[in-house]
There are 2 protein chains.
Amino acid sequence: MNSYVGYLAAFLTTFSFLPQAIKTIRTKCTEGISAVMYSLFTIGIFFWLVYGILVEDIIIISANFVTFIFAFIILFISIYNLIKKKKITN
Amino acid sequence: MNSYVGYLAAFLTTFSFLPQAIKTIRTKCTEGISAVMYSLFTIGIFFWLVYGILVEDIIIISANFVTFIFAFIILFISIYNLIKKKKITN
């Protein structure tokens, strides 16, 4: 029972970033998004990936690998927009 | 060594939502934020909380309890803005 709850939690928290990644790619709008959050989050997910490799847990590795890709996309577009905004205001 | 990597990952991914919660509370702007993401994510974090209780792991419980609060705040404001937007367009 426990592992099913864990798999469900991992699946939901992993794939919850898919609609955000799609929305950010489609709209290029990162207005309300905190780039600080996605910077910390992406680094945190990277350490979950390292942790998964260290403890040789394929579920932690695969879930965080997928989340890392989505989070990195959102972070990249957020930072790209911040740089663009700075250029315009200068 | 492994557990330190795990604690660092848990700390970063948990507290990464604090700057987003602060930004959302301060600006009330959820323009670029996907309400679908935060719905799935909040439910997912809830299941991580249940999982932590089932396996009696205080770190999983405390990290996800904190994340749940931040994610729920962001979700609440996102949905509030969506409802407000719908009323205006009707």
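Helices (H or I, at least four residues) and strands (E, at least two) are DSSP runs, numbered from the N terminus. This is a predicted model, in which local features need pLDDT of at least 70 and side-chain atom pairs count only at pLDDT 80 or more, while totals for chains, interfaces and linings use all residues. Residues are numbered from 1 along each chain as its sequence is written, chains are lettered from A and ligands numbered from 1 in the order in which they are written, and side-chain values use heavy atoms, with hydrogens and water left out.

**First selection: the nonpolar patch**

Select A:Tyr4, which lies in helix 1 of chain A. A:Tyr4 is exposed, at a relative accessible area of 64%; here buried means under 20% relative accessible area, exposed over 50%, and partly exposed in between (1.4 Å probe, protein chains only). Helix 1 (2-15) and helix 4 (58-89) of chain A each supply at least two residues of the patch.

**Second selection: the annotated spans**

Now colour residues 35-54 and 60-83 of chain A, where UniProt, in an unreviewed entry, places the feature "transmembrane region". UniProt positions are given in the numbering used here, feature names are shortened, and annotations may be inferred rather than shown by experiment. Residues 35-54 are 100% helix and 0% strand, with end C-alpha atoms 29 Å apart. For residues 60-83 the span is likewise 100% helix and 0% strand, and the end C-alpha atoms lie 33 Å apart.

Over all chains, the count comes to two salt bridges, a salt bridge being a side-chain nitrogen of Lys or Arg within 4 Å of a carboxyl oxygen of Asp or Glu. Display A:Glu31 and A:Lys85, whose side chains meet in a salt bridge (3.9 Å, N to O). A:Glu31 sits in the loop between helix 2 and helix 3 of chain A and A:Lys85 in helix 4 of chain A, 54 residues apart. Then move to chain B, where B:Lys85 forms a salt bridge with B:Glu31, the closest N and O atoms being 3.9 Å apart. B:Lys85 lies in helix 4 of chain B and B:Glu31 in the loop between helix 2 and helix 3 of chain B, so the pair ties together parts 54 residues apart in sequence. B:Lys85 is partly exposed at 48% relative accessibility, and B:Glu31 is partly exposed at 44%.

Which residues of helix 2 (residues 17-27) of chain B are buried? They are B:Phe17, B:Pro19, B:Gln20, B:Ala21 and B:Thr24. These buried residues pack against helix 2 (17-27) and helix 3 (35-54) of chain A, together with helix 1 (2-15), helix 3 (35-54) and helix 4 (58-89) of chain B.

Just after helix 2 of chain B, select B:Lys28, which takes a positive phi of about 60 degrees. B:Lys28 is partly exposed, with a relative accessible area of 49%. Leaving aside neighbours within four places in sequence, B:Lys28 is in contact (heavy atoms within 4.5 Å) with B:Lys23, B:Ile77 and B:Asn81.
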